[in-house]
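Subject: Structure handover

Hi there,

Here is the structure I promised to pass on. Have a look at it first, and then read on for what turned up.

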Amino acid sequence: MLDKSRLSRFKNPIDPQQEIAKFDALAKEWRDPHGKFKHVLAFNQTRLMAIEEQIARHFDRDLTQDVPFEGLSLLDIGCGVGLLCEPLASQGARVTGIDASEHNITLARRHANSWSIPIDYRHCLAGDLSRDRSLYDVILNTEVIEHVEAQAALVASCCDLLKPGGLLVMATLNRTLSSYIIGIVGAEYIMRYLPIGTHDWHHFVTPQELDDMLRPHGLSTLTTEGMRFNPFTQNWKITANTSVNYLLYASKSANDTLEA
């Protein structure tokens, strides 16, 4: 296992404003199915189906129903332009989407309004939500933690905002040789699926590190699953191999009680 403490001297500190600027520059292109991020959209669609299945399994919902997630409250932390928020809201969930980029929130709100999809979009950070003491049945935090310097603090915020018995979904890149070759060299430098410099391998997080950050907050990992791209079929699929991209699902004990 790689020792993250030994990597610290190679890490460049993350500048939050630079990270926000990266995604501001890409925001308008995320939804174009024929644009340069069409592979990212395909990735998102496969990831969405995996998330839907886990939510349905956790809360015993039937995905063949018109609104299987009716009555569930869902928070998407780092929602971007709403690629996950909209389909989940359309399935009945009461969705709140937050993002550090005001530009992303503006575009997400505009698109949801144009389709009359009720989503509560807010330009804020996860820590800002603690003030109103709202808790959520489902929390999503996808492709965010590798862009954050205070990773443990982000995980703590996710845990604090989750209801007892709730489901936390985190998606990120594993810190392995495979993720460096495929996720950075391949995706950014060779195939140009993402702009060069989108990711810094030293900030990738292993599933074990995520689990270690979750357990002090009363969450336990339920399962992890990976995602793999087939360059010949141009399709993504869910796999047991978590060496590159992975989803981690964790639950908070239903016995946890809220502070007075």
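In which sense do strand 2 and strand 3 (residues 119-123) pair, and over how many bridges? They pair in the parallel sense, over five bridges. Please keep in mind that this is a predicted model.

**Around strand 2**

Within that pairing, Ile98 stands opposite Arg122 of strand 3. Strand 2 also has a partner in strand 1 (residues 73-77): the two run parallel and are joined by five bridges. There, Gly97 in strand 2 is the bridge partner of Asp76.

Strand 2 (residues 94-99) is largely enclosed by the rest of the structure, because five of its six residues are buried.

**Aromatic pairs**

The structure holds four aromatic pairs. In one of them, the ring centres of Phe43 and Trp236 are 4.8 Å apart and the planes stand at 70°; planes over 60 degrees apart count as edge-to-face, so this pair is edge-to-face. Phe43 belongs to helix 3 (residues 38-59) and Trp236 to strand 7 (residues 235-239), so the pair ties together parts that lie 193 residues apart in sequence.

Tyr180 and Trp201 make another edge-to-face pair, with centres 6.2 Å apart and planes at 85°. Tyr180 sits in helix 7 and Trp201 in the loop between helix 7 and helix 8, so here the parts tied together are 21 residues apart in sequence. Tyr180 is partly exposed at 39% relative accessibility, whereas Trp201 is buried at 14%.

There is an aromatic cluster to look at too: Phe43 and Trp236 are in it, together with Tyr193 and Phe229.

**Thr206**

The loop between helix 7 (177-190) and helix 8 (207-214) also holds Thr206. This residue is buried, with a relative accessible area of 12%. What does the side chain of Thr206 reach? The answer is the backbone nitrogen of Glu209, at 3.1 Å. Beyond its neighbours within four places in sequence, Thr206 is in contact with Asn174, Arg175 and Tyr246.

Conventions
Residues numbered from 1 in each chain as written. Predicted model: local features only at pLDDT ≥ 70, side-chain atom pairs only at ≥ 80, totals over all residues. Heavy atoms only, no water. Helix = DSSP H or I, 4+ residues; strand = E, 2+ residues; numbered from the N terminus. Buried < 20%, exposed > 50% of the residue type's maximum accessible area, 1.4 Å probe, protein only. Polar contact = N/O pair within 3.5 Å; in protein donor to acceptor, adjacent residues only side chain to side chain. Contact = heavy atoms within 4.5 Å. Pairing = 2+ DSSP bridges. Phe/Tyr/Trp six-rings, centres within 6.5 Å; stacked < 30°, edge-to-face > 60°.
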